[in-house]
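Hello,

Here is the structure I said I would pass on. My notes follow it.

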Amino acid sequence: MLLQIKNLKINYKSDNRMVEVVRGVDLDIDRGECVGLIGESGCGKTTAGLSVTKLIPERKGNISSGEILFASNDILKLNPEELRNIRGKKISYVFQEPFSSLNPVFTIYEQIRESLEEKDNPGRRIAEILKSVGLEKIIGRKNAYPHELSGGMQQRAMIGMAIVSRPDLLVLDEPTTALDVTVQRQILDLIMELKNKMNLAILFISHDLRIVFNIADKIAIMYAGKIIEFGPKEKIVSSPAHPYTIGLIDSIPSLEHRKKPFNAISGKAPLFSELPQGCKFYPRCRFRIDKCTEKEPELRDVSGGQASRCIRIEELKSNGTIKNR
Amino acid sequence: MELLKIDNLRKTFKKHNTRAVDDVSFSVFKGEVLGLVGESGCGKSTLAKLALRLLEADKGSIFYKGRDLLNISHGDMRKTRKDLQIIFQDPYASLDPRMKAGKVIEEVYHIHKNVSGRERKNKTIELLETVGLGETYLNRLPSELSGGERQRIGIARALATDPEFIICDEPVSSLDISVQAQILNLLIELQKRKNLTYLFISHDLGVIGSICDRVMVMQSGKLIESGSCENVFKNPQHPYTKTLLESALLP
């Protein structure tokens, strides 16, 4: 296993007090595998992604416990020097807004060159990178600045910078959210192509299930700092095993919908400082019973490789309240 | 009944010498939801602003219930705006950060003088309830609200003049998918209950399909295809519409 996150807990400062925003996350990613991490804004998914290379600013938060094993080394125990050899080299990131990630005063060439290991004769390698991310147009244009590129091309450049060092793991945090639909599709195709060509492991963070349905092998659904459902994509699509996942799927708009109301999730996500007793999804759940408030359910296997934190899921499926899709 | 009729509307932005809206003509009928889909920069938001005269067109005409909006006085235009409202995309940018939710709505009554001073507070509470919030939100600042709650305030503000016609300019694009479904439900319910007419702008074909009766596709300032959602989605004619449909992430 390339990456193993074990019982990860992260505290964050909010209104001058510390709250636990990642409350015990376990997640494994193998080489060549894409895992989608899904959740609403503020559920802790971005924080979990950043922690993979200890990118959480110290003044804002800290990792209080857990292990992050990357190729069997515990990231949390590495010294800064060792960490630098992994961050941006073995594990690379691509974030949501390419324009705010790129440096506006340096050319694309300069920014890709910066991530190169071998500094001699970089032109050929940069051209190779540009070609592999579909930026043939830029090859030879050494004075092209980020603002001269469209959003899609900027994101291609970011991906180029991320793969320069031939990483093993790519963490993508909403990489297509700021892009148009046609460009989004192209970027997703590019990511898939690179994943297959380079045997990349990918952690794909998004709020949009539609995207990970198109790209992920496995999906983890996060709610209030914990993973509440995990499984192979096919199982999550055809037989989701948590009411929250079902609500997310029911919220996806479709071409055939035509003014039929959505079976939307009611209410809003709880604040980390005011989490309810027991199941954290309880207040918004359509299927809640008193027993759900007794204690926070464990993530347990419900069917070959699919795990859920809902204590009622078998009962709801067997009596037909929840149907497979 | 034809509510809004737009004829050969054109807008050129001098700085880039681009025709953001290039001879666009269409009609919106009473009680329908007309979708406008296209990618960023295609001119769809400019078109929305032109229709409400928040921007002035270079040429063309806009008729609302037969009245020529480009040839009426400012005073008359202001009165007409009661009937024509808009909900903006970004609920963070479209609310004054220092204005409490109740005030946002009361301000509308103040401007349009359509509700007497004594009744304003009750009407405000009623509207907050209509959009699923309620009295407890009267004194909340935008910073104390989630994205979905802010957009509900934006919707309440648009409803405060009791309009017939609302332009929804990407009202759910910056929201999480679960909140998006809640807001779409609210917009669908209001439309049915009040027999409202929407011009609904989005870049997301799924969102268009979930709320619209008809759809128009815009590219580079021009309308390139239009028809019932059924026909356009099942049998797209223009290559660009086909590309959009192929790119859409569908369940």
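**Notes on the model**

Among contacts in chain B between residues at least 6 apart in sequence, 67% join residues at least 24 apart. Two residues are in contact if their C-beta atoms, placed from the backbone, lie within 7 Å. In chain A, residues 24 or more positions apart account for 64% of the contacts with a separation of 6 or more.

This is a predicted model, in which local features need pLDDT of at least 70, side-chain atom pairs count only at pLDDT 80 or more, and totals for chains, interfaces and linings use all residues. Residues are numbered from 1 along each chain as its sequence is written, while chains are lettered from A and ligands numbered from 1 in the order in which they are written.

The predictor gives the complex an ipTM of 0.89 and a pTM of 0.92. For chain B the mean pLDDT (the predictor's confidence in each residue, from 0 to 100) is 93, and 100% of the residues reach 70 or more.

**The two chains**

Chain A has 11 helices and 12 strands; chain B has nine helices and 10 strands. Helices (H or I, at least four residues) and strands (E, at least two) are DSSP runs, numbered from the N terminus.

The C-alpha atoms of chain A fill a box of roughly 65 × 50 × 40 Å along the principal axes, and those of chain B one of roughly 55 × 45 × 40 Å. A compact globule of 325 residues would have a radius of gyration near 20 Å, and chain A, with 21 Å, agrees with that.

Of the 325 residues of chain A, 45% count as buried; of the 251 residues of chain B, 45% do. A residue is buried if 20 or more other C-beta atoms lie within 10 Å of its own, exposed if 12 or fewer, and partly exposed in between, with C-beta atoms placed from the backbone.

**Where the chains meet**

30 residues of chain B are in contact with 29 residues of chain A. On the chain B side, α6, α7 (205-211), α8 (229-234) and α9 (239-247) each supply at least two residues. The largest share, eight residues, comes from α6(B). By class, this side of chain B has 14 nonpolar, 13 polar and three charged residues. Here Ala, Val, Leu, Ile, Met, Phe, Trp, Tyr, Cys and Pro count as nonpolar, Asp, Glu, Lys and Arg as charged, and the others, Gly among them, as polar.

**Strands in chain A**

Strand β3(A), residues 34-38, is mostly covered, with five of its five residues buried. C34(A), G36(A) and I38(A) are buried on one side, and V35(A) and L37(A) on the other. In general, side chains in a regular strand alternate between the two faces of the sheet.

β3(A) pairs in the parallel sense with β8(A), residues 201-206, over five bridges; two strands pair if DSSP finds at least two bridges between them. The bridge partner of C34(A) in β8(A) is I202(A). β3(A) also runs parallel to β9(A), residues 218-223, and four bridges join them. There, V35(A) stands opposite K218(A).

Chain A also has an open sheet of four strands in the order β2-β1-β4-β5, with antiparallel pairing. Its edge strands are β2 (17-29) and β5 (73-74), each of which pairs on one side only. β1(A), residues 3-14, and β2(A) pair over 10 bridges in the antiparallel sense, and one bridge pair is I5(A) with L27(A).

**A covered helix in chain B**

Helix α5(B), residues 147-159, has 12 of its 13 residues buried. They pack against β6 (84-87), α3 (101-112), α4 (120-130), β7 (165-169) and α6 (177-194) of chain B.

**Two lysines with positive phi**

Most residues other than glycine have a negative phi. K259(A) has a phi near 65 degrees and lies in the loop between α10 (243-250) and β11 (300-303) of chain A. K259(A) counts as partly exposed because it has 17 C-beta neighbours inside 10 Å. K65(B) has a phi near 50 degrees and sits in the loop between β4 (59-64) and β5 (67-68) of chain B. With 15 other C-beta atoms within 10 Å, K65(B) is partly exposed.

Regards

Notes. Rg over C-alpha atoms; globule rule 2.2 N^0.38 Å.
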